[in-house]
Amino acid sequence: VQLQASGGGSVQAGGSLRLSCAASGSMLWINSMGWYRQAPGKQRELVAAISSGATTNYSDSVKARFTISRDNAKNTVYLQMNGLKPEDTAVYYCTASVNTIATINPKNYWGQGTQVTVSS
């Protein structure tokens, strides 16, 4: 299973970006999907997550600014980021909990990370 993230870049404060992450490989089904971020010198933190039933969860720092969604037909999760702030600068990683033929229990997979830089 591979996760390919895209959509990062550099924007000014108040701007918007949309991240995408597509899962591929031998999958039976995808459970939850989500986005984490890691800023320099800080621990990786959860940004948003979405269940297979489209229930969403956001960190307090991004609520009302970011929206997570998924397209199950495309095995893709999105993160629409509006009202970006300099403190949103980080490497963003997508993750997915996936069931495959090889494992009984789901396994978490990670994408390669995409840089988001917000200037003031």
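Why does N99 count as buried? In this predicted model, the relative accessibility of N99 is 6%, and because buried means under 20%, N99 falls in that class.

**N99**
- Strand β9 contains N99, and β9 spans residues 90-99.
- The side chain of N99 forms a polar contact of 2.8 Å with the side chain of N31.
- Beyond residues up to four places away in sequence, N99 touches M27, L28, W29 and N31, together with I104, N105 and P106.

**Q112**
- Q112 is placed in the loop that lies between β10 (107-110) and β11 (114-119).
- With a relative accessibility of 43%, Q112 counts as partly exposed, because that class covers values between 20% and 50%.
- Apart from residues up to four places away in sequence, Q112 touches L3, Q4, A5 and Y93.
- N75 is 37 residues from Q112 along the chain, and the C-alpha atoms of the two are separated by 16 Å.

**Nonpolar core**
- The largest nonpolar core comprises 31 residues.
- Within this core, the residues with the most contacts are W35, V47, F66, I68, L79, M81 and Y92.
- Two or more residues of the core are given by each of β1 (2-6), β3 (17-24), β4 (29-38), β5 (45-50), β7 (66-71), β8 (76-81), β9 (90-99) and β11.
- Strand β9 provides the largest share of the core, namely five residues.
- When neighbours within four places in sequence are left aside, V47 is in contact with W35, Y36, R37, N57, Y58, S59, V62, F66, L79 and Y92.
- Among these partners of V47, W35, F66, L79 and Y92 are also listed with the residues that have the most contacts inside the core.

**Strand pairing**
- Strands β1 and β3 run antiparallel and are joined by five bridges.
- L3 has A23 of β3 as its bridge partner; L3 is also one of the residues touched by Q112.
- Strands β3 and β8 are likewise antiparallel, with six bridges between them.
- L19 stands opposite L79 of β8, and L79 is one of the core residues with the most contacts.

Notes: Residues are numbered from 1 along each chain as its sequence is written. This is a predicted model: local features need pLDDT of at least 70, side-chain atom pairs count only at pLDDT 80 or more; totals for chains, interfaces and linings use all residues. Side-chain values use heavy atoms; hydrogens and water are left out. Helices (H or I, at least four residues) and strands (E, at least two) are DSSP runs, numbered from the N terminus. Buried means under 20% relative accessible area, exposed over 50%, partly exposed in between (1.4 Å probe, protein chains only). Contact means heavy atoms within 4.5 Å. A nonpolar core is a set of buried Ala, Val, Leu, Ile, Met, Phe, Trp, Tyr and Cys residues joined through side-chain atoms within 4.5 Å. A polar contact is a pair of N or O atoms within 3.5 Å; within protein, one must be able to donate a hydrogen and the other to accept it, and residues adjacent in sequence count only if both atoms are side-chain atoms. Two strands pair if DSSP finds at least two bridges between them.
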